[in-house]
Structures are given as C-alpha cells and as structure tokens.
Amino acid sequence: MADELSAVVVDDHPAVRAGVAYWLSSGTPPIRVVASGEDVRSAWLGEGATADVVILDLHLGGPTPVLGDLRRLVEAGRRVVVYSMRADDDIALQCLELGALCYLTKAEGAEHLVQATRAAAEGRPYTPPSLAGALAGDRSDHRPALSAREVEVLVEWFQSESKEFVAQRLGISLSTVNSHLERIRVKYALIGREAPTKAALVARAIQDGLIGVDDL
C-alpha cells in the first residue's frame, strides 16, 4: 500500500520489539515496522531513517534516559512516541517539552500504542491515561498571563487540524493566529516553562487548567 504508515522501533529487549511489531501490523489499517534495533542508530540508518514514526524506549541498556537522542530526533523533524517501562511524571513532561508527541508506558497495551503511533504519523499529540494523570498532577504556581483571546486561539488550535481552520472559525487572519500562538510560547518561555511544540503546549494547557484531557 502506498499510503501504509511505517515505524521504526528502538528498544533493547527483543521481545518488546517483536510485540510492538505484531501489535502495529495487526491494527486496522496495519502499520508496518520497517526497522528495529537495540539502539537509536536504527532510526538513522536504512529504512529506519525514513519511517513515519520512531517508537523510542527511553532507557536503552542502562538507567539513564536517552534524552539527548530524543532531542536530536525531534530537531531532525522526526515524529517520536516515547515508549517506556517507567511511569515517571517528571520524565514524561520533559519528553513532551523536548518535542515527543506522546509518552506511553508499556503497561498501557496495544490499543494505546497503535493510536499514539497513528496520531504521531499525522503530527498530532496523543494523551494516554497515565499521561493524563501526570499532567493533571502538575499544577504549576507559575502560569503565564494569557489574554482571553489567546486562550480562545489556543483551545481552538488544539481541537483543529490546522491554523487555517482556526482563523476561519474565529474570523481572523492566519497571521493573527500565528501571532497569538507565538506570543503564548514567548510568555511560557519567559517564566521558564518552554513549549516549543504543539504537544508541549497541550501539556502546559492541561497543567494550567485551560483545557481538559476529555476536550481534546
């Protein structure tokens, strides 16, 4: 199939790699695992280099999370789903801030992994149950002072496929939408809570009570 989604699986456990490949290929429509391996080189070489989605285990052969590898993948424009044994709220939020589209624990099973991979292939964030708990539990005291219009634009963008649709819905220009979103990012950055990606902005908005997980 020309439009079949593809993924590369980076995990240091062969059984996990095999299980993920089976789950993804069993979905409707199936997602093809074109490469897999025990280190991140699998995502940079051969067919893995052009896979639609990178499914990345954060702890490859050791206790230290491979956040540097995640950052490099995101900076290269790759769409990453972090798939980890650890239900660690702080690490989950850190991964979203670096640009991962989802942080998924291995306890959450096939359905969530397939949904997260499909969403990531489209550049959309996906919020599984464990991550919803992490975000809801992080109520920062330092929140940016967003205007009512900025909040309106932000929420519309989360619920839309494009900024053009937001502009149409709110009766404003695309450049105005972009200006609002850029100001929101600047306001978050100024208080030390950077949100460089859409997924990171979703995380911040949930943390700050601007939108609920059920609204997405």
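**Group meeting: a walk through the model**

Let's start with D52, which sits in the loop between strand 2 and strand 3. Helices and strands here are DSSP runs, numbered from the N terminus (helices are H or I, at least four residues; strands are E, at least two). D52 is partly exposed, at a relative accessible area of 31%. The cut-offs: buried is under 20% relative accessible area, exposed is over 50%, and partly exposed is in between, with a 1.4 Å probe and protein chains only. From D52 to R185 is 133 residues along the chain, and their C-alpha atoms are separated by 27 Å.

Some ground rules. This is a predicted model, where local features need pLDDT of at least 70, side-chain atom pairs count only at pLDDT 80 or more, and totals for chains, interfaces and linings use all residues. Residues are numbered from 1 along each chain as its sequence is written, and side-chain values use heavy atoms, with hydrogens and water left out.

Now the annotations. UniProt, in an unreviewed entry, gives "domain: Response regulatory" for residues 6–121. UniProt positions are in the numbering used here, feature names are shortened, and annotations may be inferred rather than shown by experiment. Over residues 6–121 the chain is 38% helix and 22% strand. The end C-alpha atoms of that stretch are 8 Å apart.

Which residue carries the annotation "modified residue: 4-aspartylphosphate"? That is D57, again from the unreviewed entry. Look for D57 in the loop between strand 3 (53–56) and helix 2 (67–75). D57 counts as buried, because its relative accessibility is 4%.

Next, a cis bond. T28 and P29 are joined by a cis peptide bond, with omega about -5 degrees. For context, most peptide bonds are trans. P29 is in the loop between helix 1 (14–25) and strand 2 (31–37). P30 lies in the loop between helix 1 and strand 2. At 30% relative accessibility, P30 is partly exposed. P30 and S6 are 24 residues apart in sequence, yet 9.0 Å apart C-alpha to C-alpha.

On to helix 6. V155 lies in this helix. V155 has 21% relative accessibility, so it counts as partly exposed. V155 and L113 are 42 residues apart along the chain, and their C-alpha atoms are separated by 25 Å. S147 is in the loop between helix 5 (129–137) and helix 6 (148–158). S147 is partly exposed, at 31% relative accessibility. Take S147 and I184: 37 residues apart along the chain, C-alpha atoms separated by 9.3 Å.

Helix 7 covers residues 163–170. Which of its residues are buried? They are V166, A167 and L170. Seen down the axis of helix 7, these fall within an arc of 100 degrees, so they line one face of the helix. The arc is that of the directions from the helix axis to the C-beta atoms. An α-helix has 3.6 residues a turn, so residues three or four places apart point the same way. On the other side of helix 7, Q168 and R169 are exposed.

Last, the second largest pocket. A pocket here is an open set of points on a 1 Å grid over the protein atoms alone, where a 1.4 Å probe fits, with protein on both sides within 12 Å along at least five of seven lines; lining residues have an atom within 4 Å of a point. Its volume is about 270 Å³, meaning the space filled by probe spheres set on the points. How many residues line the second largest pocket? There are 14, with L101, G123, T197, K198 and A199 nearest its centre. By class, the lining has five nonpolar, three polar and six charged residues. Each of domain 1 (6–136) and domain 2 (148–210) gives at least three residues to the lining.

Terms used:
Ala, Val, Leu, Ile, Met, Phe, Trp, Tyr, Cys and Pro count as nonpolar, Asp, Glu, Lys and Arg as charged, and the others, Gly among them, as polar. Domain bounds come from an automatic or database domain assignment.
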